[in-house]
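Here is a short report on one protein model. Look at the structure first, then read on.

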Amino acid sequence: MYGKRVIRAMAEEINLAPEPDTISYLMRCGAKTAEVQVEMDERIAGQSYFTAWRSAHYMASVCLSILFIGAFRKRIPLEE
């Protein structure tokens, strides 16, 4: 769940999408985060988009984004 400030920032900034690198960036900008326990059900239909290769590729892309691109992003103010 996102608070009002983060929702407003995501609506106003075109490059903010609900991805792990964006969450990392928002935390650097001052957004507060919390870990909550959830219960996931087994998939009942369909097939996942992620194969082993796609999962590894996705995680590598996210890590590179956090480490290299995130370091140069201009911080946005998360003010009420």
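## A buried aspartate

Asp-21 has 19% relative accessibility, so this residue counts as buried (under 20% relative accessible area; exposed is over 50%, partly exposed in between; 1.4 Å probe, protein chains only). Asp-21 sits in helix H2. Helices are DSSP runs of H or I with at least four residues, numbered from the N terminus. Leaving aside neighbours within four places in sequence, Asp-21 is in contact with Val-62, Ser-65 and Ile-66. Contact means heavy atoms within 4.5 Å.

The model is predicted: local features need pLDDT of at least 70, side-chain atom pairs count only at pLDDT 80 or more, and totals for chains, interfaces and linings use all residues. Residues are numbered from 1 along each chain as its sequence is written, and side-chain values use heavy atoms, leaving out hydrogens and water.

## One face of H2

Which residues of helix H2 are buried? In this helix, residues 20-28, they are Asp-21, Thr-22, Tyr-25 and Leu-26. Seen down the axis of H2, they fall within an arc of 140°, so they line one face of the helix. The arc is taken from the directions from the helix axis to the C-beta atoms.

Their cover includes helix H1 (4-12) and helix H3 (52-69). After H2 comes Gly-30, with a positive phi near 110°.

## Aromatic rings

Rings of Phe, Tyr and Trp (its six-membered ring) pair if their centres lie within 6.5 Å; planes under 30 degrees apart are stacked, over 60 edge-to-face, and the rest tilted. The structure holds 2 aromatic pairs. Tyr-49 and Phe-50 form an edge-to-face pair, 5.2 Å centre to centre, with 75° between the planes. Together with Tyr-58, Tyr-49 and Phe-50 form one aromatic cluster.

Tyr-49 counts as exposed because its relative accessibility is 56%. Phe-50, at 40%, counts as partly exposed.

Methods
Helix = DSSP H or I, 4+ residues; strand = E, 2+ residues; numbered from the N terminus.
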